[in-house]
Amino acid sequence: MIDNDAVILGLLLVILAVIFRTNDSPHPFFRRFYRFVPMLLLCYFLPSLLTLSGLVDIENSMLYFVATRYLLPASLVLLTLSIDLSEIVKLGPKAIIMFLTGTVGVVIGGPLALLIVGLVSPESVGGQDGEAIWRGLATVAGSWIGGGANQAAMKEIFEPSERLYSLMVAVDVVVAEVWMAILLLGVGKHRWIDARLKADSSSVDQLTEKMELFSKQSRRIPSSTDLLMVLGVAFGVTALCHLAADAIAPWIEQNYPTLNRFSLNSAFFWLIVLATTGGVLLSFTSARGLHGAGASQLGTVFIFMLVATIGLRMDVTAVAERPMAFVIGGLWMMIHVGLLLVVAVLIRAPYFFLAVGSKANIGGAASAPVVAAAFHPALAPVGVLLAVVGYALGTYAAYLCALMMEAISAA
């Protein structure tokens, strides 16, 4: 078995490079393949095969620690510093309404799914300490509101056991990617769907023209100075967040122990909150110009490296071992989708806003741009824009969802 982190990291990067290269390939086979098999699913699944096959041993690996403590907060800074609140407003109220509806669907969907399954199978929603089912579901909430970064954040904050976390990664990936496949199939019929929803899609057409112009104006080849500035900002803010988190968490532990049940004594919690906040604050400064130098792309690379390390811990055999966990995940997703459909009909929102609004929550920046680009390549930044908001809300909203699920499990 391979237990050298340098070798494992190399294998993960080769896997990611092959997936990205084939996904961008014009070859008809790959075009058809990725039409039905989401790229993100492979980024989780293929690394999991390395562990399942016994090829690699992650028992003493530090890759996940490095990804969560350094790459994760750095990616949050890079992805949130590009946020433009005024542009989000210009997308129109329907886009924001659909995105927030998706967020609400996830926040209430988890507790409701847990409650429904608990009525039928109480033993499926229990567990003690690290095996408490709600702790594992908290990581799914993080992924389904923000993305892999927020998922890792919830894992470190609520500390589910490694076995439970492995199961929940499988629940997250399987359920979310089935929904993504359905969304991508709907892209080809979006005109028909818009007609059924009685939606006016002219705003999407105008948005396409606007984003094409924006992409041309902001695109530039980054210099070495640009890249060092991007890295300096990302890891400089991360360093400051580590410094602050290491001071805040012990202070709360010592002076306000009653707040421990809310995980406010967790240094990792403060690291993620401060990194997200730091990125949002930088978006109001000239640092936002680093977006055109590749800040978002580098942040996305960091996210996919995190996704690959999470994939190493995913147990794909968990479907057969604990099927009720997937029932909870399926009900949760149905509540999210059902709420989106109801609101889309009520406000006559185009399918584009439904699809991107959903994936800006379910998967974040790793999948929302994919869905947006399926409508038109120039619309990919819209997916990023909404996904960035998802990252900003993900830690807070998933935290609230987790506390609600804890209350239901304890009832």
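How do helix 9 and helix 18 run relative to each other, roughly parallel or roughly antiparallel? They are roughly parallel (angles under 35 degrees; over 145 would be roughly antiparallel, 65 to 115 roughly perpendicular, and the rest oblique).

## Ground rules

This is a predicted model, where local features need pLDDT of at least 70 and side-chain atom pairs count only at pLDDT 80 or more, while totals for chains, interfaces and linings use all residues. Residues are numbered from 1 along each chain as its sequence is written, and side-chain values use heavy atoms, with hydrogens and water left out.

Helices here are DSSP runs (H or I, at least four residues), numbered from the N terminus. Two packed helices are described by the angle between their axes and the distance between the axes. The axes are lines fitted to C-alpha atoms over the stretch in contact, and angles run from 0 to 180 degrees between N-to-C directions.

## Helix 9 and its two partners

Back to that opening pair: the axes of helix 9 and helix 18 come within 9 Å and cross at roughly 15 degrees. On the helix 9 side, Met180, Leu184 and Val187 do the touching, and they meet Val370, Val371, Ala374 and Phe375 in helix 18 (contact means heavy atoms within 4.5 Å). By class, that is 7 nonpolar residues, no polar and no charged ones (Ala, Val, Leu, Ile, Met, Phe, Trp, Tyr, Cys and Pro count as nonpolar, Asp, Glu, Lys and Arg as charged, and the others, Gly among them, as polar).

Helix 9 (residues 162-187) also packs against helix 7 (residues 133-145), with axes within 9 Å and a crossing of roughly 40 degrees. That makes helix 7 oblique to helix 9. This crossing is right-handed too. From helix 7, the contact takes in Ile133, Gly136, Leu137, Thr139, Val140, Ser143 and Trp144; from helix 9, Leu164, Tyr165, Met168, Val171, Asp172, Val175 and Ala176.

## Helix 1 against helix 14

Helix 1 (residues 5-23) and helix 14 (residues 295-312) sit with their axes 10 Å apart, at an angle of about 115 degrees. They cross right-handed. Ile8, Leu9, Leu12, Leu13, Leu16 and Phe20 in helix 1 meet Phe304, Met305, Ala308, Thr309 and Leu312 in helix 14. The tally for this contact is 10 nonpolar, 1 polar and no charged residues.

## Aromatic rings

There are 14 aromatic pairs in the structure (rings of Phe, Tyr and Trp, using its six-membered ring, with centres within 6.5 Å; planes under 30 degrees apart are stacked, over 60 edge-to-face, and the rest tilted). Take Trp144 and Trp332: ring centres 5.1 Å apart, planes at 65 degrees, so this one is edge-to-face. The pair ties together distant parts of the chain, with Trp144 in helix 7 and Trp332 in helix 16 (residues 323-347), 188 residues apart. Trp144 is buried at 0% relative accessibility (buried is under 20%, exposed over 50%, partly exposed in between, with a 1.4 Å probe and protein chains only). Trp332 is buried as well, at 1%.

Phe352 and Phe375 also pair edge-to-face, with centres 5.0 Å apart and planes at 85 degrees. Phe352 belongs to helix 17 (residues 351-359) and Phe375 to helix 18 (residues 368-375), 23 residues apart. Phe352 is buried at 2% relative accessibility, and Phe375 is buried at 16%. Elsewhere, Phe29, Phe30, Phe33 and Tyr34 make up one aromatic cluster.

Definitions and conventions
Helices (H or I, at least four residues) and strands (E, at least two) are DSSP runs, numbered from the N terminus. A crossing is left-handed if the near helix is turned anticlockwise from the far one by less than a right angle, and right-handed if clockwise.
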